Amino acid sequence: MRIAILTGAGISAESGLGTFRDKDGLWTQFDLAEVATPEGYGRNPAKVLDFYNMRRANARDAKPNAAHHALGRLCDTHDVTLITQNIDDLHEQGGAKDALHIHGSLFEALCAACGHVWPHRDDMSVRDVCPDCGTAGTVRPNIVWFGEIPYLMDEAVAAIRTADLFVSIGTSGTVYPAAGFVEIAQEAGVGTLELNLEASGGRFDEVREGAASVIVPKWVDDVVSAKG
Ligand code: APR
């Protein structure tokens, strides 16, 4: 069975990383226009780098939860394409391979001058220099900001269209293009399942509500045992 999975911040919530739109979510504490747009970066790069330095430090300390580990197990037994909106590395720590980070990664840097991308786990500052083109002051997190084009979309959409099942986990389904993935699955006749703390309101064939660390391992056990 081929499974295409989309995850959002909700799967990392129980690992201590905030979500965006829940009560006390990140976007209730920060103005996303100032810290998650190219315009905000242009106006005040130091402020944007500090915002992601804080999130990177939190993500460095976070540990994968039972949901991340369950998806890692599923990748070992099934043909899974894991598409994540998350910029942490908890899916990789949980054993998933080749996750498609369509919103980028906290642990990569991008040079705004030459486009070079390299691994970067430490704090960033406006004094950083690109190791490829040598330009100073153009180093930013390799994260897709509002108004920018998500990564790996052709690969993600192709996997959804050719899957037997599309599963959405821990996302409010409010940010496109990821929010449109369930419609793409429906149009392609692919079965759709949502595993979320509460139903997001998207058009899914089945919705299971609950904490990811509880309902994702249960669902994976059901799938793995059904395979025999
Ligand atoms: N278990 C399962 N689901 C949970 C849990 C949990 N423990 N906690 C929260 N959720 C659900 C919430 O009910 C909500 O539907 O996770 C979802 C989180 O929604 P958002 O905060 O909107 O996060 P997400 O959907 O990932 O946001 C998408 O928006 O800001 C941009 O680029 C950012 O990738 C992000 C995108």
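I will go through the salt bridges of this chain, a predicted model.

A word on the basis before the pairs: residues are numbered from 1 along each chain as its sequence is written. In this predicted model local features need pLDDT of at least 70, side-chain atom pairs count only at pLDDT 80 or more, totals for chains, interfaces and linings use all residues, and side-chain values use heavy atoms, with hydrogens and water left out.

Taking a salt bridge as a side-chain nitrogen of Lys or Arg within 4 Å of a carboxyl oxygen of Asp or Glu, the count comes to 9.

One of them joins K47 to E34, with the closest N and O atoms 2.3 Å apart. This pair links distant parts of the chain, since K47 sits in helix α4 (residues 45-61) and E34 in helix α2 (residues 32-35), 13 residues apart; helices here are DSSP runs of H or I with at least four residues, and strands are E runs of at least two, numbered from the N terminus. K47, at 35% relative accessible area, is partly exposed, and so is E34 at 32%, where buried means under 20%, exposed over 50%, and partly exposed in between, with a 1.4 Å probe and protein chains only.

D89 and R121 also meet in a salt bridge, at 3.4 Å from N to O. D89 lies in the loop between β2 (79-84) and α6 (90-93), and R121 in the loop between β5 (117-119) and β6 (139-143), so the bridge ties together parts 32 residues apart in sequence. D89 is buried at 14%, whereas R121 is partly exposed at 40%.
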